[in-house]
Amino acid sequence: MLAYFSRRLLLIIPTFIGVTLLVFALTRFVPGGPVERMIAQMQSQSMESGGGNQQGSQTLSEEQIAELNAFYGLDKPMFEAYTEWLGKLITLDLGESTRYYEPVWDMIKERLPVSLFYGLLTFLISYLVSIPLGILKAMKHGSRFDHVSSVMVFIGYALPNYVVGVFLLSFFAFHLDWFPMGDFVSDDFDDLLWPDKIADLFAHAALPLLCYIIGDFAILTMTMKNNLLENLAADYVKTAIAKGLPFRQAVRKHALRNSLIPIASHLGNVVSVFVAGSFLIEVVFNIDGIGLLGYESIIERDYPVVMGILAMSSLLLMLGNILSDLCVALVDPRVKFGS
């Protein structure tokens, strides 16, 4: 098993280089880089000051544009620029934002607690609710409870989480005024007492958390139910019950552990959600996390921030896949990696 995981860790290097090189190349070839964005803003300002005329259509000379390209490192060949970026990454230098002129790592680090807060709560609530609900649905398969809960689960799965977010925000926050209209905390959060801070934090987090949970909740619940039903129909469970083992003990001692294997394989996939968040949910609720930062950096062509978030997310996703294999090996004794 050690040799298997060592090979998986070594495969992270070429995979990471391939992913980042592809996205780095796209940032070089798509139109509208940071220099073009700056020129467009200057032209827009000059046209507004000129009363809508075409004055100032050429706001920068060719020499100035070349200096800006050199300043942002856009004058270098793609592979040379990528090698330079990769060399800085090894020293944990993610570069500097072309929009805010701040270190990329400082910008990510500032927003990391927000995404970790939502990622951790989403993970805990999803698993702590979905697994017992899936077990209960399997035990009561075909009952009214099973049918009603299945309809609710499938409706939640069919609706995109950002659409649910828009509905929740407009109905419960705008019309009923039960929850705040987005943001992570209130403006006067620092002036509140500790009980009021906790209440304010969870009042802001209630609607976004529901949107985060709704997708994984449906998948985990139905996966747990279907796998448990499959194992309950297996011969080894029927044999255990025929020998006199009570049904609930047969479920707990035999069927349940095998039913958790697909759930364990899904565990590593949620690691990247801990920090990457969800672009659209954070945009809808105006949550200043890494997801919103990534969305704004794409819109504003802030490529150093895009590459920094991509590097962190891709590494976490690959490490999460290895964690999934490890969880499967711990749950399923039949799995012997490398044998």
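Which residues line the largest cavity? Before selecting them, note that this is a predicted model, in which local features need pLDDT of at least 70 and side-chain atom pairs count only at pLDDT 80 or more, while totals for chains, interfaces and linings use all residues. Residues are numbered from 1 along each chain as its sequence is written, and side-chain values use heavy atoms, with hydrogens and water left out.

Start with the whole chain, which holds 15 helices and zero strands (DSSP runs, H or I of at least four residues for helices and E of at least two for strands, numbered from the N terminus). Of its 339 residues, 40% are buried (under 20% relative accessible area with a 1.4 Å probe, protein chains only).

Next, select Leu169, Phe179, Pro180, Gly182, Asp183, Ala203, His204, Leu207, Pro208 and Phe285, which line the largest cavity (on a 1 Å grid over the protein atoms alone, a set of points where a 1.4 Å probe fits but cannot get out, with lining residues having an atom within 4 Å of a point). The space inside is about 40 Å³, a volume being the space filled by probe spheres set on the points, which are joined across faces, edges and corners. Helix α8 (residues 194–232) supplies the largest share of this lining, four residues.

Then move to the second largest cavity, of about 30 Å³, by selecting Arg99, Tyr100, Met107, Leu293, Glu296, Ser297, Asp302 and Val305. Here helix α14 (residues 290–299) gives the most to the lining, with three residues.

Technical notes: 1 Å grid on protein atoms, 1.4 Å probe; cavity = no way out; pocket = protein on both sides within 12 Å on 5 of 7 lines; lining within 4 Å. Buried < 20%, exposed > 50% of the residue type's maximum accessible area, 1.4 Å probe, protein only.
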